[in-house]
Amino acid sequence: MQVQTPDWVKHAVFYQIFPDRFAIGKQPRKRLLNKPKWEDWDTTPTLQGYKGGDLWGVVEELDYLQDLGINAIYFTPIFQSASNHRYHTHDYYQVDPLLGGNAAFKELLEASHKRNIKVVLDGVFNHSSRGFFFFNDILENGPHSPWLDWFKIHDWPLAPYTGEKPANYEGWDGNRALPVFNHDHPDVREYIMEIAEYWIKFGIDGWRLDVPFEIRTPGFWQEFRERVKAINSEAYIVGEVWTDAREWLDGSQFDGVMNYLFTAPTIAFAAGDRVDIEQVKDRSYDPYPALSATGYAEKIQEVLKLYPWEIQLTQLNLLASHDTARLLSIAGEDKKSVTLSTLLLLTFPGAPSIYYGDEVGLAGKLDPDSRRGFPVEANWDKEILKTHRELIALRHAYPCLRTGDYKVLFAEGEVYAFARILDKQELIVAVNVGTTNAEVNIDINNLQSQPSKLLYASDKVELNHQEDSRLFLNIPPRTGCVISEE
């Protein structure tokens, strides 16, 4: 099968937004709640509290995102729900009124597209919620409900809230708040397909699929792809799969997955033994123990060999998300770990994704702390923001960083270097994650050009090109750089 993926994703820099925490619209709007009691924006988030972010706020911050270099947004769920994260869906056809409803989303979509910013929504199709109308009908009418076969009911009475009694229905991960759909039922399957089609027709540019590995109905994701792509062949379909995803990346289902197989070794290499194990243990990825340059090279080569190149170019690469602690907190507040990881992210094949606030140094331990309100400008880390701006600009400026081949040039001790090559355009990226100065000679004999111009460096790097096609680098500790031809 010839694998085809959306071309725009290969050139995208994504920004992941948790809508309740990014921005509250300041302009006068017609709202259902005019004087709501939100949690204080700057206090530590709670599991159930709302801070009041909305889609109007995102519209008002599009200039900021565009200036940063963002050209795609991935939203965690925006549909009507009774939770601040909105993974408990009540109505798949209604944007949550607290976010501004369908009208606010339409305004956002139009404003984003005018700036050539794509918009991808979170599709939570494995399970709904206790408040989802069809399941609520079962709670009201018991075995008399016409919706019984849409869910996996085991016995009566149902206990949707009483923890001392068995739930008597299947909830995702044993959570009775999240009743699982019966995807084998043709009506359920058709209902989900129509939701996917509805929002693609509405104008969204793709779907990020929540826990898609839980849906085992034969042909489900193949049909999902066919129906979505029939409306928009360039729609992006990306799955939340934390592990080896070859089962879903055969060209007939997803265009990519959230690439935690890149995340884990990159943090383990760049942050090393600074990783706060409490923030990563018992998670679905392992950014520890610390990796040497050789170990990192091996892990990265394994990742690059897993999938067809066309798929590699549309993977969603990330360093943090709403499901993890933030990178700064994982790395024990070490800013250089953030800089080095970000350099590796923005020079790797596939679409980089920045978790809102990471670009200004927002900290946050595991959920709910990782879902803090976006800080006011006075509290931004301008150095980390400058790093993001420069590296995003480089990625946009050099096509080889987006679609070029990836070739490891050097991996010894704590120094790692690779080239991105597209036709005659070649860049070298080198990082020293160690705590001492590193002097290395890199063989560049197989490169057409002889890169010797420093495009970017997080600290002062010395370089010179030697006649025997070797590049000499003197790299300060905890420093990375990008080198081009003169």
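This is a predicted model: local features need pLDDT of at least 70, side-chain atom pairs count only at pLDDT 80 or more; totals for chains, interfaces and linings use all residues.
**Exercise 1. Give the strand order of the open sheet, and state which strands are at its edges.**

Solution. 
Step 1. The open sheet has eight strands in the order S8-S7-S6-S5-S2-S1-S10-S9, with parallel pairing.
Step 2. S8 and strand S9 (316-318) each pair on one side only, which makes them the edge strands.
Step 3. Strand S2 (residues 72-75) is covered on both faces. Ala72 and Tyr74 are buried on one side, and Ile73 and Phe75 are buried on the other.

**Exercise 2. Is Gln16 buried or exposed, and what does Gln16 contact?**

Solution. 
Step 1. Gln16 is placed in strand S1.
Step 2. The cut-off for buried is under 20% relative accessible area. Gln16 has 1% relative accessibility, so Gln16 counts as buried.
Step 3. With neighbours within four places in sequence set aside, the contacts of Gln16 include Tyr74 and Thr76, as well as Ser353, Ile354 and Tyr355. Ala320, Ser321, His322 and Tyr356 are also in contact with Gln16.

**Exercise 3. Where does Trp242 lie, and is Trp242 buried or exposed?**

Solution. 
Step 1. Trp242 lies in the loop between strand S7 (236-239) and strand S8 (256-257).
Step 2. The relative accessible area of Trp242 is 10%, therefore Trp242 is buried.
Step 3. Trp242 and Val257 are 15 residues apart along the chain, and their C-alpha atoms are separated by 7.8 Å.
Step 4. Leaving aside neighbours within four places in sequence, Trp242 is in contact with Tyr260, Leu261, Ser284, Tyr285, Asp323 and Thr324.

**Exercise 4. How many residues has the largest nonpolar core, and which helix gives its largest share?**

Solution. 
Step 1. The largest nonpolar core has 137 residues. Those with the most contacts inside this core are Phe14, Tyr15, Phe75, Phe105, Trp207, Phe224 and Tyr416.
Step 2. Helix H6 (residues 186-202) supplies eight residues, the largest share of this core.
Step 3. For the surroundings of Phe224, leave out neighbours within four places in sequence; the contacts are then Phe125, Met193, Ala196, Trp207, Leu209 and Ile237.

**Exercise 5. Describe the pairing of S12 with S11 and with S13.**

Solution. 
Step 1. Strand S11 (residues 405-412) pairs with S12 over seven bridges in the antiparallel sense. Phe410 stands opposite Ala417 in S12.
Step 2. These two strands form a hairpin with two residues between them, and Gly413 in the turn has a positive phi of about 60°.
Step 3. S12 is joined to strand S13 (residues 425-432) by eight bridges, and the two run antiparallel. Leu422 stands opposite Gln425 in S13.
Step 4. The hairpin of S12 and S13 also has two residues between the strands, and Asp423 takes a positive phi near 55°.
Step 5. Strand S12 (residues 415-422) is mostly covered, with seven of its eight residues buried.

**Exercise 6. How many cavities of 30 Å³ or more does the structure hold, and what is the volume of the largest pocket?**

Solution. 
Step 1. The whole structure contains two cavities of 30 Å³ or more.
Step 2. The largest cavity has a volume of about 70 Å³. Its lining includes Leu319, Ser353, Asp358 and His388. Helix H12 (335-346) and S10 are the elements that give two or more residues to this lining.
Step 3. The lining of the largest cavity has seven nonpolar, three polar and one charged residues.
Step 4. The second largest cavity has a volume of about 40 Å³, and is lined by Leu327, Leu328, Val338, Asp358, Gly361 and Leu362.
Step 5. The largest pocket holds about 980 Å³ of space. Of its 35 lining residues, His85, His88, Trp172, Asn175 and Leu178 lie nearest the centre. The lining divides into 11 nonpolar, 13 polar and 11 charged residues.

Terms used
Residues are numbered from 1 along each chain as its sequence is written. Side-chain values use heavy atoms; hydrogens and water are left out. On a 1 Å grid over the protein atoms alone, a cavity is a set of points where a 1.4 Å probe fits but cannot get out, and a pocket is an open set with protein on both sides within 12 Å along at least five of seven lines; lining residues have an atom within 4 Å of a point. Grid points are joined across faces, edges and corners, and a volume is the space filled by probe spheres set on the points. Ala, Val, Leu, Ile, Met, Phe, Trp, Tyr, Cys and Pro count as nonpolar, Asp, Glu, Lys and Arg as charged, and the others, Gly among them, as polar. Buried means under 20% relative accessible area, exposed over 50%, partly exposed in between (1.4 Å probe, protein chains only). Helices (H or I, at least four residues) and strands (E, at least two) are DSSP runs, numbered from the N terminus. A nonpolar core is a set of buried Ala, Val, Leu, Ile, Met, Phe, Trp, Tyr and Cys residues joined through side-chain atoms within 4.5 Å. Contact means heavy atoms within 4.5 Å. Two strands pair if DSSP finds at least two bridges between them.
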